[in-house]
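Here is a short report on the strands and helices of one protein model. Please keep the structure open while reading.

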Amino acid sequence: MEVRAKKSLGQHFLVDLGVAGRIVDSLNAEGTKADVLEIGPGMGVLTRFLLQREDINLKMVELDGESVDYLLTHYNGMQGRLYQADYLKLDIHRLFGGQYKIIGNFPYNISSQIFFKILDDRDRVPEVVCMIQKEVAERIAEGPGSKTYGILSVLLQAWYDIEYLFTVEPGAFAPPPKVRSAVIRLKRNGRTALLAADGTPVEDKLFRTVVKTAFNQRRKTLRNALKPMLNPEAEGYAGIMADPVFDLRAERLGVEDFIELAEKISGLVR
């Protein structure tokens with residue numbers, strides 16, 4: 001029995017066992033029996049290595065019914081570990097009560113949505129090892145000043161340390177994708193809240209809105225990009241908008257700069 005790769009699900013099955021082993025070896029259990037969620041196991045090329053690790057408690061979520069049938073047929077001990085569900089809609093509390101790590105060959109067409117869900121549960125996800133499109137991996141790992149630096153770069157780097165581990169060529173997959181892939185590792189940093197330099201807390205929702213709005217108009221200065229979300233009648237508007245930071249474009253600001261920016265304009269938002 002083989003599983004047909006479905007274009008609608010963005011499926012490209014990893015078939016290179018050497019690459020699969022490297023990906024699984026990149027996940028740190030850190031001396032404890034860690035709960036681990038594999039997203040989209042497909043035909044189980046990562047799963048076979050994960051099941052050999054005695055230092056993890058593995059569960060898997062797979063949307064494709066054909067893949068679920070394949071895994072149940074070819075691997076022992078799948079009952080109670082494998083869930084047929086859409087990860088983006090899944091209540092993770094059904095699977096794990098506390099912290100859990102994530103590993104997977106993420107479907108390229110929904111990788112950004114997966115990262116946003118991880119961000120929502122960031123205090124329970126200390127580590128992520130994943131394979132994604134190389135261009136997206138570079139964007140996530142990039143620092144300020146680069147044209148590839150963007151929304152996901154800032155939002156993920158606010159809460160995670162990002163490591164670009166290695167590149168994977170199209171020939172490692174069936175069918176081969178038209179792009180190169182890359183494996184990255186995200187490790188939760190020590191940030192527990194978004195705090196401006198003076199200790200003022202910044203709401204995560206406002207921080208995300210500022211970052212997204214700024215990059216959605218990335219060719220404009222921050223003054224012009226953020227203008228639609230601000231109330232020019234608010235007290236102190238002119239003085240705040242005179243700050244030189246508003247002459248910059250979004251790609252020039254790091255995480256701390258965006259936190260300061262969100263704090264500056266918090267009283268001006270419509």
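This is a predicted model. β3, helix α3 (residues 65-74) and β4 form a β-α-β unit, and the unit is right-handed. Its two strands also pair directly: β3 and β4 are parallel, with three bridges. Glu62 faces Gln84 in β4.

**The sheet**

The sheet is open and has seven strands. Their order is β4-β3-β2-β5-β6-β9-β7, and the pairing is mixed. β4 (82-84) and β7 (160-168) are the edge strands. Each has a single partner strand, so one side of each has no neighbour in the sheet. From one strand to the next, the twist averages 20 degrees.

Strands of a sheet pair through backbone hydrogen bonds, in a parallel or an antiparallel sense.

| Strand pair | Sense | Bridges |
|---|---|---|
| β2 and β3 | parallel | six bridges |
| β3 and β4 | parallel | three bridges |
| β6 and β9 | antiparallel | seven bridges |
| β7 and β9 | antiparallel | eight bridges |

**Around β3**

Strand β3 spans residues 56-62. Six of its seven residues are buried, leaving the strand mostly covered. On its β2 side, the pairing is parallel. There, Leu37 has Lys59 in β3 as its bridge partner.

**Around β9**

How many of the eight residues of β9 are buried? Six are, so the strand is largely enclosed by the rest of the structure. β9 covers residues 181-188 and pairs with β7 in the antiparallel sense. Two residue pairs mark that contact. Tyr160 has Arg188 in β9 as its bridge partner. Ile162 is bridged to Leu186, also in β9. β9 is antiparallel to β6 as well. Ile132 stands opposite Ala182 in β9.

**Helices on the sheet**

Which strands does helix α1 lie across? Helix α1 (residues 17-25) lies across β5 (101-105), β6 (127-133), β7 and β9. Its direction is at about 165 degrees to β7.

Helix α4 (residues 111-120) packs on the sheet too. It touches β2 (34-39), β5, β6, β7 and β9. The direction of helix α4 makes about 165 degrees with that of β6.

**In brief**

How values were computed:
Residues are numbered from 1 along each chain as its sequence is written. This is a predicted model: local features need pLDDT of at least 70, side-chain atom pairs count only at pLDDT 80 or more; totals for chains, interfaces and linings use all residues. Side-chain values use heavy atoms; hydrogens and water are left out. Two strands pair if DSSP finds at least two bridges between them. Helices (H or I, at least four residues) and strands (E, at least two) are DSSP runs, numbered from the N terminus. Axes are lines fitted to C-alpha atoms, for helices over the stretch in contact, and angles run from 0 to 180 degrees between N-to-C directions. Contact means heavy atoms within 4.5 Å. Buried means under 20% relative accessible area, exposed over 50%, partly exposed in between (1.4 Å probe, protein chains only). A crossover is right-handed if, with the strands pointing away from the viewer, the path from the first strand over the helix to the second runs clockwise.
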